[in-house]
Amino acid sequence: MKSNHRLLSLLFVLFSFAAFAQPKAAEVITGSVSGVVIDTQLNQPIPYATVVIMTGTGETLTGGITNDDGVFEITKIPEGSYTVKIQFIGYEPVTRELLVDRDHRETNFGNINMDAVPAELDAVNVVAERTTIEQKIDRKVINIGKDLTTAGATAADIMNNIPSVSLDQQSGALTLRGNSNVQVMVDGKLSNIAPDQLLKQLPSNSIKKIELITNPSAKYNPDGMSGIINIVLHKNANVGFNGDVSAGVSYEKNAQFNSGLNLNYRNGKFNLYSNYSNTISKNANYGTIFREGDNSTQFFDMLNDQNSHLLKVGLDVYLNEKNTISVFTSQNSFKGEPGGNINIVYADAMSRNLMQDFGADMDNYSQQYNLDYKLDFEKEGHNIEFEADFNTFDAEEDTFFDFTGTTPLSDYEDFVDTKRNRTTLNLDYVNPLSESEKLEVGLQTILFNTDIGYSSTGESFNAEGNLVPTPDTQFDYSRNIYSAYVTYGKNYEKWSYQAGLRAEQVNEVADTNSVRAFTNDYFEVYPSAYVTFNPSEKNQYQLSYSRRIDRPGVGQVNPIREWSSPLVTEYGNVNLLPQFTNSLEANYTRSFEKGNFTAGVFYRIIEDQINQAVFVDRFNLDRMVLTQDNFDSTTAYGFELSSNIKAFDWWSINASFDLFNQTQTGITEMLDPNIENPTAEDIIQTSEEVENTVYNARVINNFNATKQLTFTAFAMFRGPQAGIQFRNKSMFMTNVGARYSIWEGKGTISLNYNDIFNTMKARFTGSSPYLIQGQFNWESNTIYAGFNYRFGDSKYRAKRRKQRDDNESSGGGIF
């Protein structure tokens with residue numbers, strides 16, 4: 001018993017000793033830092049300045065922003081030695097050393113004075129010296145420099161200078177990677193204005209950057225097979241009253257004027273801005289089409305007299321540090337008076353000669369009203385945003401057609417009235433789950449409706465082949481889209497990925513003369529995924545996938561004739577179905593001391609392909625009918641190369657090359673060539689497959705002669721293209737320009753000479769339904785002179801509202 005007692009006593013002593021020997025828990029020391037950021041010159045607080053706390057290795061530990069009074073406070077800072085860096089656009093950064101330990105738990109820096117940057121950065125719009133290209137996780141960003149803004153007066157003038165983008169100066173058709181199924185946005189928002197009209201109204205010097213979003217994430221509306229072109233305009237970030245004014249004139253055969261005025265007033269709580277631009281121009285277009293079968297030539301001579309006015313007024317209200325309300329309205333007025341004549345000469349049968357004179361009076365007016373509310377939560381980047389957008393478009397078109405020569409048709413007039421509206425509601429929620437993870441979810445509703453009324457004083461052939469008065473047509477079309485999306489992204493040390501899914505319910509209805517012509521209700525899902533690998537600061541690899549849709553446009557389904565000449569008529573197809581695209585893309589970016597290099601490849605699988613169908617008019621065998629139809633699935637692929645090189649301090653080069661291949665399937669018809677006097681029964685219909693390979697090359701040279709004087713030389717080559725109806729020949733263009741800064745950089749004078757060798761001609765051939773060859777010319781050999789002046793205060797203050805559909809900071813502006 002004694003031994004047991006001794007053993008228990010010994011164990012008690014050992015346990016007691018062990019308990020008392022345990023060290024006390026280490027005290028966790030945290031600290032805080034505070035201060036007030038002040039403008040040195042104005043002695044006023046600077047709200048929304050960024051405060052970053054960095055470790056000794058330069059890594060960011062935590063941070064915050066100043067409130068409306070310039071005050072900041074950052075708490076729960078672990079024990080250690082740090083560097084505090086205060087930054088704000090337009091000011092020199094300020095750093096302070098911070099120590100957190102037992103004796104330094106609370107540090108107050110008091111007033112921290114920040115000095116404005118030197119005067120040469122005091123301009124309202126700071127424009128880069130040269131254009132650069134960046135490959136982001138979901139887009140290619142072309143930062144527009146002085147070399148491109150020198151190249152033309154409007155956005156339409158510089159589109160052909162952008163890699164992967166082409167703009168047909170004759171028809172206005174815009175293509176991305178050789179495909180016209182592309183959405184055009186301005187500052188992340190759609191407009192009811194047709195892209196060709198819109199691009200001619202945006203001044204080129206108002207463009208900050210152009211984003212080519214070829215594989216958009218699930219957050220974006222999935223329309224457009226080739227993706228989205230988002231034009232981001234410069235945004236005035238200055239405190240006080242600021243603005244700029246610009247004007248320009250271009251001339252070859254006719255004068256084309258453009259001007260713009262931007263005004264902005266900003267203080268701590270409000271930002272009021274307005275933008276106005278206009279274009280007044282006459283544009284000549286002329287050409288010939290030779291038809292081999294009947295030895296006839298069509299001579300086209302057209303002139304379009306047009307003017308437009310574009311106004312935007314907006315207000316941003318910063319209720320407090322967490323709540324922001326923004327409203328704006330855009331008003332656009334357009335008037336065009338295209339006219340001319342088409343003269344058809346039959347060399348072997350002069351009695352068949354025919355001339356058609358035509359002229360039109362076209363007016364359209366569009367309005368946009370936008371409301372945005374954003375709530376920021378305590379966690380940085382954690383927010384919810386609601387946006388409502390209402391857009392209307394009203395157009396009237398009166399066209400007359402007068403005939404001279406042999407034709408069963410008498411002179412007539414067409415009247416077309418168009419009304420359409422679109423309401424868009426967005427609700428977006430963003431939550432950074434951690435420093436390396438982000439979740440985004442959202443809802444969207446798009447309600448679209450268009451009413452087109454058509455009447456004519458002319459006559460048309462009926463089913464029996466007799467001429468009867470052309471009946472009136474009323475076409476009503478509506479499309480409602482209800483969608484939801486979710487995306488999740490995560491970053492690792494060298495890897496990052498993002499995956500998303502968008503679900504849509506679509507209801508479409510079309511009525512012709514109050515008779516149900518078409519209905520289509522469908523539910524679809526659109527996945528997207530991105531993977532990025534950065535093995536080093538100089539190398540980046542990216543792989544992405546998305547599924548997209550091409551919904552038929554109003555013009556493609558509208559049964560009212562779109563275009564008419566003595567030998568061509570174009571109609572829509574009310575039974576046209578959407579086409580779907582699965583797109584896979586890979587990119588590589590390499591940075592080096594004097595520039596960067598980007599290479600990319602893509603592959604698309606296209607379902608229910610929409611393409612052109614060409615028919616012989618059953619009531620006039622000399623006439624062809626153009627329409628649209630769905631065809632079998634097909635594929636497309638291509639690759640792109642681009643590079644920015646700073647060869648010397650005075651010479652920089654921006655070059656790109658792209659190649660695209662797509663197989664197109666369509667229907668064509670032709671008259672049996674073995675029959676001397678064919679009838680409608682002798683029409684031969686064939687399904688035609690055309691492999692179209694397009695390649696383009698561009699190079700921009702920018703030369704800095706002095707600090708104020710810059711010269712630019714641009715060259716572009718567009719390879720031949722093959723389509724169902726035409727085979728277009730190659731094009732080549734060379735532009736030269738100069739840009740001179742005056743008044744300490746606040747004023748700019750631009751002068752450039754476009755298409756100096758006058759080589760931009762649309763040359764083409766065709767084999768079905770007739771053997772033809774032709775050429776069209778427009779005013780490309782132009783001289784342009786422009787002037788821009790920037791004025792106002794020079795103290796910057798950032799707008800905190802996040803622009804929807806833009807993962808970087810996008811600017812405000814005309815839209």
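Biologist: What makes Asp363 and Lys335 a salt bridge?

Modeller: Their side chains meet at 3.4 Å, N to O. A salt bridge needs a side-chain nitrogen of Lys or Arg within 4 Å of a carboxyl oxygen of Asp or Glu, so this pair qualifies. The two partners sit in distant parts of the chain: Asp363 in strand S20 and Lys335 in strand S19 (residues 323–346), 28 residues apart. Mind you, this is a predicted model, where local features need pLDDT of at least 70 and side-chain atom pairs count only at pLDDT 80 or more, while totals for chains, interfaces and linings use all residues. Residues are numbered from 1 along each chain as its sequence is written, and side-chain values use heavy atoms, with hydrogens and water left out.

Biologist: Why is Asp363 called partly exposed?

Modeller: Its relative accessibility is 30%. Buried means under 20% relative accessible area and exposed over 50%, with partly exposed in between (1.4 Å probe, protein chains only), so Asp363 lands in the middle class. Lys335, at 28%, counts as partly exposed too.

Biologist: How do you know that Asp394 and Lys419 form a salt bridge?

Modeller: Same test: the N to O distance is 3.5 Å, which is within 4 Å. Asp394 belongs to strand S21 and Lys419 to strand S22, so the contact ties together parts 25 residues apart in sequence. Asp394 is partly exposed, with a relative accessible area of 30%.

Biologist: What does Arg698 pair with?

Modeller: With Asp658, in a salt bridge whose closest N and O atoms are 3.3 Å apart. Arg698 is in strand S38 (residues 683–704) and Asp658 in strand S37 (residues 651–671), so parts 40 residues apart in sequence are tied together. Both Arg698 and Asp658 are buried. The whole structure has 15 salt bridges.

Biologist: How do you know that S20 and S21 pair?

Modeller: Strands here are DSSP runs of E, at least two residues long, numbered from the N terminus. Two strands pair if DSSP finds at least two bridges between them, and S20 (residues 354–376) has 23 bridges to S21, so they pair. They run antiparallel, and Asp357 has Asp402 of S21 as its bridge partner. S20 and S21 also form a hairpin with 6 residues between them. In the turn, Gly381 has a positive phi of about 85 degrees.

Biologist: What makes S21 and S22 partners?

Modeller: They share 19 bridges in the antiparallel sense, which meets the requirement of at least two. One example is Glu387, whose bridge partner in S22 is Asn426.

Biologist: Why is Leu98 called buried?

Modeller: Its relative accessible area is 3%, which is under 20%, so it is buried. Leu98 lies in strand S6 (residues 94–100). Ile53 is 45 residues away from Leu98 in sequence, with 8.7 Å between their C-alpha atoms.

Conventions:
Helix = DSSP H or I, 4+ residues; strand = E, 2+ residues; numbered from the N terminus.
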